[in-house]
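Dear colleague,

I am passing on the structure below, and I would be glad if you would look through it before reading my notes, which follow directly after it.

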Amino acid sequence: MSTMGWIGLGNMGRPMTANLVKAGHTVNGYDVVPDAVAAAAEHGVNPVGSLAEAVAGADIVFTMLPKGEHARAVYLGDDGVLAHADTRSLLVDSSTIDFDSARTLHTEAAAAGFRFVDGPVSGGVTGAEAGTLTFMLGGSDEDVAEAKPFIEPMAGNIFHAGGEAAGQAAKIVNNMMLAISLQGVVEGAVLAQRFGLDPTTFWNIAKVSSGDSWPLRTWYPVPGVTETAASNNGFAPGFAAALMHKDVGLALAGGESQGVDLPAASLVHGQLQKLIDDGFAGLDTSALIRNIDPKAEGLPG
Ligand code: NAD
């Protein structure tokens, strides 16, 4: 079994490391928040008090941090991973970060003699707990092949998306498309009801017609229509609006740096911002229906 360094033991890092421990690995875990380290230690992570201790002797180092700025600081800072790790350690960043930061991490890691893979995930905290996350990996064939067996205890699916930053690219574009099609679904759900259509009847029609989509089938924002929807549960997440706002923001940043106009992504980013400004950042993303109908069934308050 292997020795792993893990930096970032938050909502995702904690259950992900628990599955690595269950698989028999030694995981040296560090977080700037001591309580996060203590919580991970309850699941068998070896708690350490510094980044340098986390990466010491590691076959592989994972990071699971909030944003690009945190990942850049943790890898590139004077007291960071590139400064303290041995070049023998394979580096994997599983945070969801902007494409340009991911490219920078690949470039700087290679310049310092390291092998680096970007490996964002989808599947949320429930997928992290169940060990069924989808990993989207970006990097060379050799590095991705080396990373895969370490990732397996945390994953349901592992994709090699392509070269440098391809994992982040796939994750960002997927979530942007999800947010855009969800916006269509919340608008459609309200208009269908105002036209007098029964929600389930309309849903059954759209599901087998050209209006079908993953959020229609899975996240329909009217209670009692589809079992998997947060609307059945007071719009508790699921996938919180704040996280989707971040991910669509990453798409907009990517559009800007790649010179691509993204009008629908801009619109849904604004709709998510409104939900956050109104105090609903913690609700499921399908609470976007609130902007269209503040009295929509199932909304809290
Ligand atoms: P989180 O905020 O709960 O955890 C991040 C952890 O990183 C925190 O405990 C924080 O203290 C720690 N951290 C920040 N700076 C640090 C530093 N310099 N050194 C050490 N630790 C540091 O976030 P999360 O929900 O675990 O998400 C992590 C990443 O995964 C994000 O990029 C998020 O977008 C992505 N993601 C989250 C979900 C989800 O449902 N939560 C799903 C898919 C992807």
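UniProt, in an unreviewed entry, places the feature "domain: 3-hydroxyisobutyrate dehydrogenase-like NAD-binding" at residues 166-290; UniProt positions are given in the numbering used here, feature names are shortened, and annotations may be inferred rather than shown by experiment. Over residues 166-290 the chain is 63% helix and 0% strand, with the end C-alpha atoms 34 Å apart, where helices (H or I, at least four residues) and strands (E, at least two) are DSSP runs numbered from the N terminus.

Please keep in mind that this is a predicted model, in which local features need pLDDT of at least 70 and side-chain atom pairs count only at pLDDT 80 or more, while totals for chains, interfaces and linings use all residues. Residues are numbered from 1 along each chain as its sequence is written, and side-chain values use heavy atoms, with hydrogens and water left out.

The protein is divided into domain 1 (3-163) and domain 2 (169-292), bounds that come from an automatic or database domain assignment. The contact between them takes 12 residues from domain 1 and nine residues from domain 2, contact meaning heavy atoms within 4.5 Å. The centres of the two domains, taken over C-alpha atoms, are separated by 29 Å. About 840 Å² is buried between domain 1 and domain 2, and carbon and sulfur atoms give 69% of this area; buried area is the accessible area (1.4 Å probe) that two parts lose on being put together, summed over both. Of the area that domain 1 buries against domain 2, Thr-96, Phe-99 and Met-136 supply 49%, more than any other three residues.

For "active site", UniProt lists Lys-171, again in an unreviewed entry. Lys-171 is found in helix 9 (residues 166-194) and is buried, with a relative accessible area of 6%, where buried means under 20% relative accessible area, exposed over 50%, and partly exposed in between (1.4 Å probe, protein chains only). Leaving aside neighbours within four places in sequence, Lys-171 is in contact with Thr-96, Pro-120, Val-121, Ser-122, Met-136 and Asp-247, and the Lys-171 side chain reaches the backbone oxygen of Val-121 at 2.7 Å, a polar contact being a pair of N or O atoms within 3.5 Å, of which, within protein, one must be able to donate a hydrogen and the other to accept it, and residues adjacent in sequence count only if both atoms are side-chain atoms.

Just after helix 12, Gly-259 takes a positive phi of about 70°.

Turning to helix 1 (residues 13-22), eight of its 10 residues are buried, so helix 1 is largely enclosed by the rest of the structure.

Finally, Met-154 is found in the loop between helix 8 (141-151) and strand 9 (155-162) and is buried, with a relative accessible area of 0%. Not counting residues up to four places away in sequence, Met-154 touches Trp-6, Met-16, Leu-20, Phe-62, Gly-131, Thr-132, Leu-133 and Phe-135, of which Met-16 and Leu-20 are among the buried residues of helix 1.

With best wishes
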